[in-house]
Protein chains: 2
Amino acid sequence: MTRVEKGRDLARKGEHHHKREDPAEVLNRYIARHGLKATRQRTLIFETFYAAGGHLSAEELLERVRLEDPKISQATVYRTLRLLTECGLAEARNFGDGQTRYEIASDEHHDHLICTECGRIEEFEDPEIEALQEKVARAHGFEMTYHKMELYGVCPECRSK
Amino acid sequence: MTRVEKGRDLARKGEHHHKREDPAEVLNRYIARHGLKATRQRTLIFETFYAAGGHLSAEELLERVRLEDPKISQATVYRTLRLLTECGLAEARNFGDGQTRYEIASDEHHDHLICTECGRIEEFEDPEIEALQEKVARAHGFEMTYHKMELYGVCPECRSK
DNA sequence: GTAGATGCAAAAGCTTTGCATGGGT
DNA sequence: ACCCATGCAAAGCTTTTGCATCTAC
């Protein structure tokens with residue numbers, strides 16, 4: 001069960017529109033402003049999360065972090081993920097498999113394509129669909145604030161097997 | 001191992017036009033065909049679920065069922081919900097509030113509009129959006145099997161407050 | 001009578017929390 | 001030195017399961 005890494009894709013995508021602030025700096029500023037502390041564990045978890053490109057569950061992140069430091073506790077991973085979420089660097093998602101997965105927060109909204117065979121997750125955005133969603137919401141009298149959309153199917157690699 | 005939601009095996013695709021078979025009969029046939037038994041508890045849970053119109057969590061359903069029979073066990077509600085799901089009468093959804101909610105399965109696919117103020121859930125379908133979703137999936141080389149889409153916002157009633 | 005269903009409580013899986021200790025600032 | 005962060009284990013929540021008993025067939 002190999003999850004595809006997409007760190008570079010994300011980085012490239014980010015350059016299209018705005019220049020994102022350095023995540024490490026965002027984190028450090030948040031820590032400083034709130035009287036928190038920059039610890040070895042936080043740095044490691046933060047870097048591992050970013051290196052993985054997101055879409056990780058707490059358990060998967062813990063596993064990776066422990067390759068570097070086997071003594072990191074589960075609780076610290078959960079607490080750090082909450083911290084990253086609070087300072088806007090990560091976003092919690094849940095794809096109905098019972099675990100929360102976290103992704104790197106991006107300036108642009110995007111939705112997901114998920115392979116039901118291998119679990120691979122790809123991101124996409126489609127302004128045309130978004131426009132129609134707005135339209136549907138308005139037709140029902142709703143003022144839409146956000147949405148979630150996931151397309152499930154079989155990815156090219158799994159199809160060719 | 002992906003624990004992605006089980007595919008929808010919507011029986012009787014041929015019967016369009018909202019003409020659904022009597023759910024009670026579907027259930028009874030399923031029970032008969034599989035050597036199961038029609039018990040008082042199953043009937044009660046099934047009827048309560050339908051009477052409520054769906055979108056219930058197991059806990060909420062248990063609560064309602066206990067108004068009628070306070071001795072119904074939680075486990076029986078969960079087991080019955082699984083049964084209803086297996087025979088295609090119910091569908092499990094999860095809207096990210098940590099609980100699985102079940103809805104009455106319908107022949108037609110639909111998505112949801114959810115009010116972030118009062119929790120109200122409305123259903124809709126939009127063929128135009130569905131077509132675009134297919135298109136996006138194909139563009140990524142995916143063969144789409146199903147999707148989920150939820151629009152969150154404020155409903156007319158809550159807006160006017 | 002027999003296989004399946006129920007109720008209860010225990011267990012399981014994910015996440016959070018209490019507490020004593022360790023470590024940034 | 002202060003107080004936040006960590007690690008560990010225990011507790012919380014939702015859902016599942018083992019088991020003795022009951023019940024539909």
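This is a predicted model: local features need pLDDT of at least 70, side-chain atom pairs count only at pLDDT 80 or more; totals for chains, interfaces and linings use all residues.
E134(B) is partly exposed, at a relative accessible area of 32%.

Side chains of opposite charge can pair when their charged atoms come close.

## Other salt bridges

Over all chains, the structure holds 15 salt bridges. One of them joins R101(A) to E60(A), at 2.7 Å from N to O. This pair links distant parts of the chain: R101(A) is in strand β3 (residues 100–104) of chain A and E60(A) in helix α4 (residues 58–68) of chain A, 41 residues apart. Both R101(A) and E60(A) are buried. Together with D97(A), they are linked in a network of salt bridges.

In chain B, R120(B) and E122(B) also meet through their side chains, again in a salt bridge, at 2.7 Å from N to O. R120(B) is partly exposed, with a relative accessible area of 32%, while E122(B) is buried, at 16%.

## Where the two chains meet

Now for the interface: 41 residues of chain B are in contact with 42 residues of chain A. Between them the chains bury about 3600 Å², of which 61% is on carbon and sulfur atoms. There are two salt bridges between chain B and chain A, including one from R159(B) to E143(A), whose closest N and O atoms are 3.5 Å apart. The count of residue pairs in polar contact between the chains is 13.

On the side of chain B that touches chain A, the elements giving two or more residues are β4, β5, α5, β6 and α6 of chain B. Of these, β6(B) gives the most, with 12 residues. The residues on that side divide into 20 nonpolar, 10 polar and 11 charged.

## A buried glutamate without a partner

Our last stop is E150(A), in strand β6 (residues 143–154) of chain A. E150(A) is buried yet has no salt bridge. The nearest side chain of opposite charge is K148(B), 4.3 Å away, and a salt bridge needs the nitrogen and oxygen within 4 Å.

The side chain of E150(A) does make a polar contact with the side chain of Y152(A), at 2.8 Å. Residues that E150(A) touches include N94(A), F95(A) and H112(A) in chain A, as well as Y146(B), H147(B) and K148(B) in chain B.

Technical notes: Residues are numbered from 1 along each chain as its sequence is written. Chains are lettered from A and ligands numbered from 1 in the order in which they are written. Side-chain values use heavy atoms; hydrogens and water are left out. Helices (H or I, at least four residues) and strands (E, at least two) are DSSP runs, numbered from the N terminus. Buried means under 20% relative accessible area, exposed over 50%, partly exposed in between (1.4 Å probe, protein chains only). Lys and Arg count as positive and Asp and Glu as negative; His and the chain ends are not counted. A polar contact is a pair of N or O atoms within 3.5 Å; within protein, one must be able to donate a hydrogen and the other to accept it, and residues adjacent in sequence count only if both atoms are side-chain atoms. Contact means heavy atoms within 4.5 Å. Buried area is the accessible area (1.4 Å probe) that two parts lose on being put together, summed over both. Ala, Val, Leu, Ile, Met, Phe, Trp, Tyr, Cys and Pro count as nonpolar, Asp, Glu, Lys and Arg as charged, and the others, Gly among them, as polar. Lists of a residue's contacts leave out its neighbours within four places in sequence.
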